[in-house]
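Have the viewer open as you read.

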Amino acid sequence: MKSTTQNSLFTPARNPLMLENRAALITGGAGRLGSVIAATLQREGARVVIADIDRTRLSEVAAKLSLTAKAWSVQGDVSQLQEVQKMVARAESLAGPIDILVNAHGIVPVRNFLEMTPDEWDRPFAVNVRGVMLTCQVFAKRWIERKGRGAIVNISSSASRAARPGRPHYAASKAALNMLTEAMAIELGPHGIRVNGVAPATVLDQVYRGQSPDNPAYVNFTIQGTPLARTGAPEDVAEAVAFLASDRSDWTTGVVLDVTGGAHVARRLSAPTDTQAK
Ligand SMILES: NC(=O)c1ccc[n+]([C@@H]2O[C@H](COP(=O)([O-])OP(=O)(O)OC[C@H]3O[C@@H](n4cnc5c(N)ncnc54)[C@H](O)[C@@H]3O)[C@@H](O)[C@H]2O)c1
């Protein structure tokens with residue numbers, strides 16, 4: 001993007017749609033976040049293909065998206081190279097060349113460290129890390145071969161930065177994903193490929209505003225440590241993804257954006273200064 005003339009601060013209006021003439025593949029596209037990300041990218045003018053392992057949810061979400069046209073679905077397991085290659089080839093045969101990849105698939109198993117088996121440990125790494133590595137590699141090779149540009153957005157988690165009990169394998173897999181995102185940004189940047197991430201805190205189907213005795217205890221606990229005092233909505237994440245996928249973030253790569261209502265800077269366990277023991 002060229003800089004505008006120096007004698008004026010006026011920036012010419014951009015296309016009001018951020019993603020016109022673009023095409024996106026969203027893995028985990030049948031999920032809570034992936035489906036809303038797909039709808040949001042579609043709203044911004046992109047053709048979208050949702051990819052997921054869950055055939056039933058995939059066809060439900062695809063039916064809703066296709067009401068507004070320019071949406072397709074492909075089924076497969078992102079942790080298997082051959083399935084990824086097939087999904088990507090099929091997606092491009094349906095939607096044309098794809099230049100945006102959003103990795104919104106993931107699994108969140110719960111297991112305490114002392115009880116964990118080696119297989120349980122491996123599973124989130126296979127899906128949450130290897131699955132991202134495979135999809136990114138397959139697309140990056142295609143983009144480099146066709147000398148095209150590309151944008152990747154990986155959905156990480158606030159668990160990647162803040163340790164908590166009960167799912168060390170999930171948290172470690174998301175921390176690995178952050179570093180994978182940064183490392184790919186370095187290698188792929190010279191090819192015109194941007195790689196960023198979004199790290200959401202708790203996003204539920206329903207948004208809880210403020211603490212209440214009617215809320216589940218974990219929701220009140222979460223809100224207590226969240227400056228904006230509510231849980232997240234899928235739309236909060238989807239808007240950040242749309243920005244990072246678009247040319248409006250043309251000079252941004254290697255970033256993992258915290259979308260948390262401020263929870264990532266709140267220190268749940270430290271009291272405000274005026275209440276601390278003198
Ligand atoms: N919802 C939250 O509060 C939250 C917070 C932080 C991070 N995240 C992350 O966001 C992503 C999406 O979460 P969500 O809440 O939408 O969960 P979700 O379970 O609703 O969606 C995840 C989707 O990934 C698909 N999937 C799982 N394994 C797959 C595989 N091997 N191949 C292809 N698809 C596969 C599932 O079928 C599902 O549709 C995950 O990576 C999750 O870790 C979610």
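## Around the ligand

Sorted by class, the shell around the ligand holds 11 nonpolar, 10 polar and 5 charged residues. Here Ala, Val, Leu, Ile, Met, Phe, Trp, Tyr, Cys and Pro count as nonpolar, Asp, Glu, Lys and Arg as charged, and the others, Gly among them, as polar. This is a predicted model, where local features need pLDDT of at least 70 and side-chain atom pairs count only at pLDDT 80 or more, while totals for chains, interfaces and linings use all residues. Residues are numbered from 1 along each chain as its sequence is written.

Which of the 26 residues around the ligand come nearest? They are Gly28, Gly31, Arg32, Gly106 and Ser157; a residue counts as near if its C-beta atom, placed from the backbone, lies within 6 Å. Helices α1 (32–43) and α4 (118–145) each bring at least two residues to the shell, and α1 gives the most, with 3. Helices (H or I, at least four residues) and strands (E, at least two) are DSSP runs, numbered from the N terminus.

## Helix α2, one face in

In α2 (residues 55–65), the buried residues are Leu58, Val61, Ala62 and Leu65. Looking down the helix axis, they fall within an arc of 105 degrees, so they line one face of α2; the arc is that of the directions from the helix axis to the C-beta atoms. Turned away from that side are the exposed residues Thr56, Ala63 and Lys64. Buried means 20 or more other C-beta atoms within 10 Å of a residue's own, exposed means 12 or fewer, and partly exposed is in between, with C-beta atoms placed from the backbone.

The cover over the buried residues of α2 includes α1, β2 (47–52) and β3 (71–75).

## Helix α7, mostly covered

For α7 (residues 234–245), 9 of the 12 residues are buried, among them Val237, Val241 and Leu244. Its cover includes β1 (23–27), α1, β4 (100–103), β5 (150–155), β6 (193–200) and β7 (256–259).

## The whole fold

The protein has 7 helices and 7 strands, and from the N terminus they run β-α-β-α-β-α-β-α-β-α-β-α-α-β. Of its 278 residues, 43% are buried. Take contacts between residues at least 6 apart in sequence: 69% join residues at least 24 apart, a contact being two C-beta atoms, placed from the backbone, within 7 Å.
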